[in-house]
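Reader: I have a structure to go through and would like to work over it piece by piece. Can we start once it is up?

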Amino acid sequence: MNLSQLQQLQPYLWTIPRRPEEKRGEVLLYGSAPLLGSMDDKVLEQISNVAELPGLVGAAMTMPDAHWGYGFPIGGVAAFDAQKGGIISAGGVGFDISCGIRCLRSNLTVAEALPKFARLAEILFQDIPAGVGEEGHLKLTPAQIDQVLQEGAHWAVKQGYGNAADLDYIEERGRVNGAVPGNVSDLAKKRQRGEMGTLGSGNHYLEIQVVERIHDVEAASAFGLREGQILVSIHCGSRGLGHQIGTDYLVMLAKSAARLGIPLPNRELACAPIQSAEGQQYIGAMNAGINCALANRQILTHLTRTAFAKVYPNADLETLFDVSHNTCKVETHEIDGKSRLLHVHRKGATRAFGPRHPTLPERYRAVGQPVVIGGSMGTGSYILAGNSENPAFSSSSHGAGRAMSRHQSLARWNGRQLVDELARQGILIRTRSMRGVAEEAPGAYKDVDMVAEATEQAGLARRVAFLRPKVCVKG
Amino acid sequence: MAIEFEESDRELALVTWLNLLLGKARELGMIFSRFQLQCKGNRWAGEASGEEWNQSLEHGVEVKGATLTMLSVKQTGTIWEARCVVDV
């Protein structure tokens, strides 16, 4: 991206100057000059298009890890007011509805755990269904799937997957209101029948990490983190059900926009007014998809605990937090001194409530919500904490962001060689797809240190701890 | 495996066709490798055939769905070109 197209407002905040004839809303891009310079021009085009959608409140924004996606850029944030004709967009949520990260903290230190990492890697690889075509151990009936879609992680806990204490540390306490299982197609439910408790593929992973560095002592203490501690991060979403909801509604919303006379700068921004029948239908299905993802990560948490117990009988894994990064949520935000109810789209962006937010668990209320920025399997990840003065509807980056396409990665790297090289660095990779490893090569992603630093400097969230990967089960 | 649907917009028909194939492939546990698609007016009738998933197949990345990004169906002479971005 040529930065001469942009106007720098602050060291980590940029905008695209508007020409007098342009009717779009404001666009704000968060990030450092190097991060923005490495972004594709299509990010600018896509976020500018989002800024033309009706009912937009404030600016259409990109996070420091943004890259181009479909409709919205990945790392895109936009809030809409239903009372002002605001829209809901499936492209502003993503196909993998409520993809996110469940982070667990353990009572183990790296010194205690290291001697058995190889065995742990094998047990996790054996016990965690991962990869294309892999099915889980659960086979649900249609009625059970409807319960999952309605109850989210609560359903999983009732079935014995994890415990009630987990729920306090999941967004929305593990279940979002407004789910309408009847708005989810039979095909979506059939696809999900064997996919509960599965990791998926692509950039999904289950990673064993060690806290290598503490940045914010107070927040780390509140989060129960200390140097040398073993953590687990589980990155996955709503699996086939979420994907099918996305595809089921994509064409419908595209036609809805045309039928209702919503001028779209590009048809890929398929959307409908929030208060329209189509908009409400999609929202009901999306909320069902969110609950599916929350239940899925709850089941995977249980499977992880079971695997750990086989290797470390005294291991205790508690949920640090569960964040989602492909959602549209109804939230109250202060705009010009007034409280407004907004539909906040976060496509590849994480919610990051600051200190004293009433929805936070008591333990975290003084320091803010935990946020996870997942890096690549060869570099590291960050735990951050939300800020009170977050300027982006309490939104933050979600990952390192891809720096090149999968095709480019495949041309540059060999999966087997990568696995061997990472093993020499002390990182054990277990996967059913060497091609997938090549596509997910550490070099295919942006510098996670730069993304985390820019996220902090932009006021979106502040760094709490850096995590180094030790074992990674790849989908 | 047969698929039928109605769609007047050729480009949206491409997205619909691809997404129905993806959904059915996952539902049935299959990989499709041979395809036929015909349209009469707004009605589309397609067939897909292939083999069941098995561990011997190369595991790539899962396609979540066909999107409307860079969507184009156009004819140049006797050649049709259909294109879209898929989410993986």
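Reader: Which strands of chain B form a hairpin, and what is the phi of B:G41 in the turn?
Author: This is a predicted model, so that applies to everything below. The hairpin is made by β2(B) and β3(B), with 2 residues between them. B:G41 sits in the turn and has a positive phi of about 65°.

Reader: How many bridges join β2(B) to β3(B)?
Author: 10 bridges, with the strands running antiparallel. β2(B) covers residues 30-40 of chain B. One of the facing pairs is B:Q36 opposite B:E47 in β3(B).

Reader: What else pairs with β3(B)?
Author: Strand β1 of chain B, residues 2-6, pairs with β3 (residues 43-52) in the antiparallel sense over 5 bridges. B:E47 turns up again there, as the bridge partner of B:A2.

Reader: What is the secondary structure pattern of chain B along the sequence?
Author: β-α-β-β-β-β-β-β. That comes to 1 helix and 7 strands.

Reader: And what does the C-alpha trace of chain B span?
Author: About 40 × 25 × 20 Å along its principal axes. The chain has 88 residues, and 25% of them are buried. Of the contacts in chain B between residues at least 6 apart in sequence, 44% join residues at least 24 apart.

Reader: How many residues does each chain put into the contact between A and B?
Author: Chain A puts in 29 residues and chain B 22. On the chain B side, helix α1 (residues 10-28) gives the most, with 7 residues. By class, that side of chain B has 8 nonpolar, 8 polar and 6 charged residues.

Reader: Over to chain A. What is the strand order in the open sheet of 7 strands?
Author: β1-β2-β3-β4-β5-β13-β12, with mixed pairing. The edge strands are β1 (7-10) and β12 (326-335), each pairing on one side only. Neighbouring strands are turned by 25° against each other on average, direction ignored.

Reader: Are β3 and β4 of chain A parallel or antiparallel?
Author: Parallel, with 3 bridges joining β3 (residues 27-30) to β4 (residues 56-67). Within that pairing, A:V27 has A:A60 in β4(A) as its bridge partner. Helix α2 of chain A, residues 41-50, packs on the sheet and touches β3, β4 and β5 (74-80). The direction of α2 makes about 160° with that of β4(A).

Reader: Which residues have the most contacts inside the largest nonpolar core?
Author: A:L253 and A:C271, in a core of 167 residues. Helix α11 of chain A, residues 277-311, supplies the largest share of this core, 15 residues. In soluble globular proteins, nonpolar side chains tend to be buried together.

Reader: What is A:L253 in contact with, leaving aside neighbours within four places in sequence?
Author: A:A90, A:A270, A:C271, A:A272, A:E278 and A:Y282.

Reader: Last one, A:H398. Buried or exposed?
Author: A:H398 counts as buried because 31 other C-beta atoms lie within 10 Å, and the cut-off for buried is 20 or more.

Reader: Where is A:H398 found?
Author: In the loop between β17 (395-396) and α12 (406-412) of chain A.

Reader: What does A:H398 touch, not counting residues up to four places away?
Author: A:D65, A:H325, A:G348, A:A349, A:T350 and A:I373. For A:A349, which is 49 residues apart from A:H398 along the chain, the C-alpha separation is 5.1 Å.

How values were computed: Residues numbered from 1 in each chain as written. Chains lettered and ligands numbered in written order. Predicted model: local features only at pLDDT ≥ 70, side-chain atom pairs only at ≥ 80, totals over all residues. Core = buried A, V, L, I, M, F, W, Y, C linked by C-beta atoms within 7 Å. Buried ≥ 20, exposed ≤ 12 C-beta atoms within 10 Å, placed from the backbone. Helix = DSSP H or I, 4+ residues; strand = E, 2+ residues; numbered from the N terminus. Contact = placed C-beta atoms within 7 Å. Nonpolar A, V, L, I, M, F, W, Y, C, P; charged D, E, K, R; others polar. Pairing = 2+ DSSP bridges. Axes fitted to C-alpha atoms, helices over the stretch in contact; angles between N-to-C directions.
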